[in-house]
Amino acid sequence: MNSDHSPREKSVRYARAVMLALAFGLAREGILLDQVHPLQTTRWADDAEGEADLAVLLGILITAGEASVPQEAVMNERDVLLNELAQGLRPMSEGIEWFDGLGREEQSEVLLFLRHHCVQARALTEDAPESIRRAGLRPTHTPAVLVSRGRIDEQLGKIAALAPLDERRKAFRLLIAVLTIADTRRRERFCFGGCMHWWHRLSPAPDNPAPDS
């Protein structure tokens, strides 16, 4: 077999390698580019000028993405509490009490927030059984039925949209459990050497020691 490749084939292979490395690096640092579109200019594998242009473009997009999110929105009291619950730094009973004290609209915002971060943490369909167990739900409970139907990203959206109060409470428990599993896996696979995720540097509050189990 001829090992030679045309310039176009080389460019495709090169682009795939670059995108895989880029996706890994951005995911590890928790960076989400919200302004992504196809590049309209043809670049070849040995195009040094094109490489420099791509680096500049990524810098602009990352900076714009960071600037579009206020610092207080990145780390606020609610986000800290939810991550403490997911990491077992606060008991779930305290989380349920807090959740029940929120208004309907605020509860919906919390569920959508959790759904988003479960997806960002790369929750897997295979996480469903353990998530149900950790949440203390029966397999027949609505959120448990939904999360077991596959395509977990879609099912988490349906769970976050549940309307009845009792179902929202179950959804809250389940989404916390999914986040626990997915973020633990992310920490072990991508962040074991250090990362920029502030929630991976949380510690138990003096008046809320982490539970033994």
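Which residue lies over the face of phenylalanine 113? Arginine 78 takes this position, at 4.4 Å from the ring centre; a charge counts as over a ring if NZ of Lys or CZ of Arg is within 6 Å of the ring centre and within 35 degrees of the ring normal. The model is predicted, with local features needing pLDDT of at least 70 and side-chain atom pairs counting only at pLDDT 80 or more, while totals for chains, interfaces and linings use all residues. Residues are numbered from 1 along each chain as its sequence is written, and side-chain values use heavy atoms, with hydrogens and water left out.

The largest nonpolar core holds 35 residues, of which Leu114, Leu156 and Phe172 touch the most other members. Such a core is a set of buried Ala, Val, Leu, Ile, Met, Phe, Trp, Tyr and Cys residues joined through side-chain atoms within 4.5 Å; buried denotes under 20% relative accessible area, exposed over 50%, and partly exposed in between (1.4 Å probe, protein chains only). Helix H10 (165-190) is among the helices that supply at least two residues each, and H10 gives the most, with nine. Helices are DSSP runs (H or I, at least four residues), numbered from the N terminus.

Two aromatic pairs are present, where ring centres lie within 6.5 Å (Trp by its six-membered ring) and planes under 30 degrees apart count as stacked, over 60 as edge-to-face and the rest as tilted. Tryptophan 98 and phenylalanine 172 form a tilted pair, 6.4 Å centre to centre with 45° between the planes. Because tryptophan 98 lies in helix H5 and phenylalanine 172 in helix H10, this pair ties together parts that are 74 residues apart in sequence. Phenylalanine 172 is buried, at 0% relative accessible area, whereas tryptophan 98 is partly exposed, at 25%.
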